[in-house]
Amino acid sequence: MTRRSPRAGAAAAAAASGLAALRAEVGVPEGHDPAVLAEAEEAASRPIEDGLERADRRDLPLVTLDPAGSKDLDQAFHLAVDGSGFVVHYAIADVASFVTPGGALDAETHRRGVTYYGPDGRFGLHPPVLSEGAASLLPEVDRRAVLWRIRLDGDGVIRDVDVERAIVRSRAQLDYVGVQAALDAGTADEMLTLLPRVGALRAELQVQRGGASLDVPDQEVETHDERYRLVYRAALPVEEDNAQLSLLTGIVAARLQREAGIGLWRTLQAAREEDVARLRRVALGLGLDWPAGTSYGAFARTIDSRIPEHAAFATEATTLFRGAGYVAFGTPEHPDVPVGAAHSAIAAEYAHVTAPLRRLVDRYGTEVALAQVAGRPVPEWVVAALEALPVEMASATQRAGAYERGGLDLLEALIMAPRVGRTYDAVVVESTRSKEDDGEARATVLLTSPAVRARVVGPRDRLRAGSRVRVTVTAADVERRSVTLELADAG
């Protein structure tokens, strides 16, 4: 019999109370109203043949690939060699077929905007009967989907695209760790061996366009016997390859929206030249070799966040791209297709369409693409909602970010409270001069174990980005969700 320590139980209770308070503070919606649940239950009980024209693609051996234990499965894929190129089939959960425009469920999804993730679970955009049940692309069950077929040439360049509503059946629910292990061991299914090939081609094209993807260390929460643990986790290569399939689909969706003259794009402002120059100086200070003729995107592909200096660079590089948002067009207020509205990290026009179970906007972008390929008008319920969606999504994204960061801050304070007075090794990942310019700096440091990010103030010559320092925990305030550090003596 496993005994639970009183301190573990007290920490779990404090975490639960603190997270509930954080949700109230940030405005994260928790349970669903009875009317919403009833509508979702009714939608989930409908026969799979919903009266819409659908292709029967249950013969296509699709698989899903997600973190282990996921239940809200938006995407399933199949890859094949196509002459000298490839064909990508990408099935996306057909959420629109479960949501009645103007109904209670529709209104609730607009209120939420996204699914909210925290240390103690998720608070879904849709009720679980849909997001983890009837609408999720779970294995070995028939499901409604929007099926993309994208043909690529041997270099990964898009040749043509088609999209249609279909009935599909996923053959297996795979996870990143298992697939990466199989690829590394050479035991992966032949279809899965195409994933790194296609992913690498698409990633190279992204860099050639002037885009970039960066390996930033993720701070994650692990739980065991009511104890919380914070760890850093670097993404597996297969995660980036899988992400390239989603980016590919978003790029072709944006093209179809451009052709239709109506849509909603995800945008990101381009990095300023002076910020790239500053980042080059940071790389030099960290001892990283960034050749003069190498673009930021190409250099970013060499970063391995498991190396402290690389982790410091990656954290600093996140400041390079600011101003993410959405832009709607083809509406009475904004009728024209926008100019210069690309996503700078992707270096292409881009639309969100691949995560409709977890993100409201994807349901609308998908309908525009379907209408354009079918040669029919975009549904009126889509046109009517587009203008308000950028503001709705900005608000939801801000809440989700505040909840995620606040939850991590809370757990950092809980974990460090019993450790006040202890000294730890840390690496400086970001440093700025004090406003008084008195020779001091404010810096963000990463502790390796436990995986904590916190601020420290001290002499500028000791708090350069990439420096290794010793820090002492002087306070941990759970209510304020803060950890206070001081530099330990240099000796």
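Me: How many salt bridges does the structure hold?

Reply: The structure holds 35 salt bridges. This is a predicted model, in which local features need pLDDT of at least 70, side-chain atom pairs count only at pLDDT 80 or more, and totals for chains, interfaces and linings use all residues. Residues are numbered from 1 along each chain as its sequence is written, and side-chain values use heavy atoms, with hydrogens and water left out.

Me: What makes the contact of Arg58 and Asp142 a salt bridge?

Reply: A salt bridge needs a side-chain nitrogen of Lys or Arg within 4 Å of a carboxyl oxygen of Asp or Glu. The N to O distance for Arg58 and Asp142 is 2.8 Å, so the pair meets the definition. Arg58 lies in the loop between β1 (55-56) and β2 (62-66), and Asp142 in strand β7 (residues 142-152), 84 residues apart. Strands here are DSSP runs (E, at least two residues), numbered from the N terminus.

Me: Why is Arg58 called partly exposed?

Reply: Its relative accessible area is 28%. Partly exposed lies between buried (under 20%) and exposed (over 50%), with a 1.4 Å probe and protein chains only, so the term applies. Asp142, at 21%, is partly exposed too.

Me: Why is the pair Asp477 and Arg480 called a salt bridge?

Reply: The closest N and O atoms are 3.9 Å apart, which means that the pair falls within the cut-off.

Notes
Helix = DSSP H or I, 4+ residues; strand = E, 2+ residues; numbered from the N terminus.
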